[in-house]
Amino acid sequence: MLSSPDSRLRPEDEAPLKANGVRAAHPMESESKQTPGASVQERPESLLAAEKRTLEMIANGASLSEVLNDLCAAIDAHAPAAASMVCLMDPDGKQLLPGAGPHVPAAFTTAITPWPIGPNRGSCGTAAFTKQRVIIPDISNDPRWPDEARDLALTHGFRAAWSEPLISKDGEVLGTFCVSYAEPRTPNSRDLELINEAGHIALIAIELERSHRALKNALAEIKNSENRLRTIIDTIPALAWSARPDGSAEFFNRRWLDYAGLSGEEASDWGWTVALHPEDRGRLTDYWQDLLASGEAGEIEARLRRFDGEFRWFLFRASPLRDGSGKVAKWYGTNTDLEERKRAEEALRSNEQSLRLIVDTVPGLVCTMTATGEVERLNRQVLEYFGKTTEELKNWATSDFVHPDDLPRLLETWTHSVETGEPYAYDLRQRRADGVYRWFQARGLPLRDTEGRVTAWYLLLTDIDDRKKAEEELRRSKAYLTEAQRLSRTGSFGCRLSTGEMIWSEETFRIYGYDLSTQPAVERVLQRVHPEERALVQERIDRASRDGNDCHVECRLLFPDDSVKHVCIVAHPSNDESGIIEFIGAVMDVTEQWQAKAELEKAFEEIKRLKDHLHDENVVLREQIDQAFMFEEIVGSSPALKTVLSSIVKVAPTDSTVLITGETGTGKELIARAIHKRSRRAGQAFISVNCASTPTSLIASELFGHEKGAFTGALQQRQGRFELARSGTIFLDEIGELPAETQISLLRVLQERQFERVGGNRVVPTDVRVITATNRDLSAAIAAGTFRADLFYRLNVFPIEVPPLRKRQEDIPMLVEYFVKRYAEKMGKQIRKIDKQTLELCQAYHWPGNIRELQNIIERSVILCSGHTFRVDAAWLSSQEPARLELSCPLSETLHDQEKHLIEAALTESEGKVAGPEGAAAKLGIPRSTLDSKIKHLKIMKHKFRSAKS
């Protein structure tokens, strides 16, 4: 019988095989040498021609051997590098016999006749045993090729073999079709198509030959004895019957009659209906009448009574036999027992209900998905967790059920699994009904049909939020411990001397100079100990193990490169739960105490500088990127602004120091950034420091860095902003607020291009462009003694004064339009028009807060705007000038008088003492040197205050 098209293995449904013969999840087309002139379109045509020629030979009476040899010759001609062969299964189903192969050496064919089948019996034997295609890319090293036959194959020039099992529709292995190559080879998709189609043609020939042989035998048997045929029918494992064209029964086989407990006479005609269940009799007879009227084959399920009175479910099948004119001459049918299947179905339904109950009670979120990844079913926990219905949860990919940070990667992973059929695993955060996100571990497994296609997905989501928090805490604790050990050069260990078992921390491995993959042991320690001190260390270990006391030893470690370390090892005994003594200790690298301090610090500084510079620079850059800038662009075209822009263009290409002055909110930092971006240093860092926002006691450390231990809290060396701005630009905002002692350090940087870290004595060179800004009158500060004149002259190389907004009235409409567009886009509003009166109000207002005030008012107005026209509340723009202080004397004299008054009051309270915790410097919160300088400058006679209280 010919195999149906559905039973054929289609190349597009079959995954290609890897080099080891295992099927991959999806085809991966690889290039291979093709027969010259054989294109992709020619191959199917040639295979169809071979199939047609095979059928013609069979029809013309050719023998099976002739047909198969012709097929192999056609395949070999199609693929000259290959040698094809067909093996047939012997009657007992345990051995293969070569049936065709015109280009296979006769000696090889003789040597493998017969060939046993089995799991590791070469490509043909394994394919016949497993009923699956077997690809052996290289016979010389594939374990599925038996060793005793490997040399035989290699000797005859075979290096690769691909075998396709020839399986009938009822699952019987009829043989194998094999293609062999003289060199190692892995098939591509076109090779698989060739072997699949060739195997199909061979299967057609074998099944036709078997069908013809079976038909001849059957006809011979029929001719020999009709009684024998009846005996066969009576003994087949089925209830068989035949009926006349009108539907009345004329024959029942013995099994039918024995089952129903009826005789042939009782069951004939319509007497068989008494064995039908009363509830099914009418339904079945009506269906039978419909089949008689239509003349079509059919089947129906009904219950049939057994001889002992028990009813069992059967499948009633009926097929018509027609004469030459097409009329129904007879009906043949069988009754197949379905009782066990029915019970299994009922048990399955019961199990499904039980499984549903189990799934609804498991401590996890369970869901099933279609093969394409669509939500199908959800257990009760899923619905309760999200507080949503199944329909609502089907849109999980476009909702907030998954944390926004996890959703893109989740979709990518899930899509990959759906496309490839690979199991799915991912950790993600999911939003609970109350809005809280919790961590879940999602695992998905595909359900496949008999052909390996994915039909559904089963997903289990387990709440791992507590575990995640614990892991994070453990990771952080471990990181802290590892970092602490690294910083202190102290490694920890645990040791059971009775068994020699040891556990080392990462720092211990580093100290002893071993790779992390090395198995810790006492012998490893002794191997590193200097030979002159090895006996001492061994004696201390033996004593501690014998007496159960603490162990303390200092020794040298000698490494293979002849380098030496000095270590201190301490250990304390502790009994575990089983009473075994375990030593817990630490090993400290104290080499620096034995080496020259200068050499160590030089090496350590260089290593740390190279290691930390990039990290710290990135930190600062991220801080700068994350910082919200006041403006994104310089907007305006007024003459005052054009003057500033002209100055920027002129000074930017130089390295000259720039002093930017102007009222608060005028955009001084924006000007500084513009200078940097147009300079030769634009590719380097731009570091901004607000001198007013940094505490006075920390400003020097912020700018110039500090050494470890320079002051309380200085736990490690830190680079300052000048070092981070190396080769770039540093912007010092509010420069007028810089303390006097820091002004001196800044002056040295500007003069000598070098500085020293706080608490250090090493000179650090610097290559930085300095840009400063202030809204203060530095001339008045110089007159008041709060700002150094020499520093001012160093900073004021190229001054740029940023005009206030009231002097840029021409720019106000442009700025209003810019900010309205910026905030409207940010807030998702459509503002198409700006009220004319609003522009007039803005141009008439004096803007004491300058652009910052304008920006804030426009942002507030955009928030409140509900239409398409932008307006500003007139009440927000007061037309009155802010109150100004009237000065009775010059500012410098006023500042001098106030400063002198404060210093004299502090000296009076401290009885003339300047230094010390009760001195005037401490009360004023300034350094003693600064106070001495001011006392001298203001010509205060501090000795007259020493007896003021007496």
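In the hairpin formed by strand 9 and strand 10, 5 residues lie between the strands, and Gly309 adopts a positive phi near 95°. Strands (E, at least two residues) and helices (H or I, at least four) are DSSP runs numbered from the N terminus. The model is a predicted one, in which local features need pLDDT of at least 70 and side-chain atom pairs count only at pLDDT 80 or more, while totals for chains, interfaces and linings use all residues. Residues are numbered from 1 along each chain as its sequence is written, and side-chain values use heavy atoms, with hydrogens and water left out.

Strand 9 (residues 298-305) pairs with strand 10 (residues 311-322) in the antiparallel sense over 8 bridges, pairing being assigned if DSSP finds at least two bridges between two strands. Within this pair, Leu304 stands opposite Arg312 of strand 10. Strand 10 also pairs in the antiparallel sense with strand 11 (residues 328-337), over 9 bridges. There, Thr334 of strand 11 is the bridge partner of Arg317. Strand 10 and strand 11 likewise form a hairpin with 5 residues between them, and Gly326 in the turn has a positive phi of about 95°.

A positive phi is also found in a residue other than glycine, namely Lys131, with a value near 60°. Lys131 is placed in the loop between helix 4 (122-130) and strand 4 (134-136). A cis peptide bond, with omega about -10°, joins Thr113 and Pro114; Pro114 is located in the loop between helix 3 and strand 3 (115-116).

Rings of Phe, Tyr and Trp (its six-membered ring) were taken to pair if their centres lie within 6.5 Å, with planes under 30 degrees apart counted as stacked, over 60 as edge-to-face and the rest as tilted. By this rule there are 23 aromatic pairs. The ring centres of Phe108 and Phe158 are 5.0 Å apart and the planes stand at 65°, so this pair is edge-to-face. Because Phe108 belongs to helix 3 (residues 106-111) and Phe158 to the loop between helix 5 (147-155) and strand 5 (160-167), the pair ties together parts that are 50 residues apart in sequence.

A cavity is a set of points, on a 1 Å grid over the protein atoms alone, where a 1.4 Å probe fits but cannot get out, and lining residues have an atom within 4 Å of a point. Grid points are joined across faces, edges and corners, and a volume is the space filled by probe spheres set on the points. The structure contains 7 cavities of 30 Å³ or more. The largest has a volume of about 300 Å³ and is lined by 19 residues, of which Cys367, Trp396, Gln430, Leu459 and Leu461 lie nearest its centre. Elements supplying at least two residues each to this lining include strand 12 (365-370), helix 14 (407-420) and strand 16 (454-463). By class, the lining of the largest cavity has 18 nonpolar, 1 polar and no charged residues (nonpolar: Ala, Val, Leu, Ile, Met, Phe, Trp, Tyr, Cys and Pro; charged: Asp, Glu, Lys and Arg; polar: the others, Gly among them).

The second largest cavity holds about 240 Å³ of space. Of its 17 lining residues, Phe493, Met502, Ile541, Ile569 and Ala571 are the closest to its centre. Helix 18 gives the largest share of this lining, 3 residues. The lining of the second largest cavity comprises 16 nonpolar, 1 polar and no charged residues.

Methods
1 Å grid on protein atoms, 1.4 Å probe; cavity = no way out; pocket = protein on both sides within 12 Å on 5 of 7 lines; lining within 4 Å.
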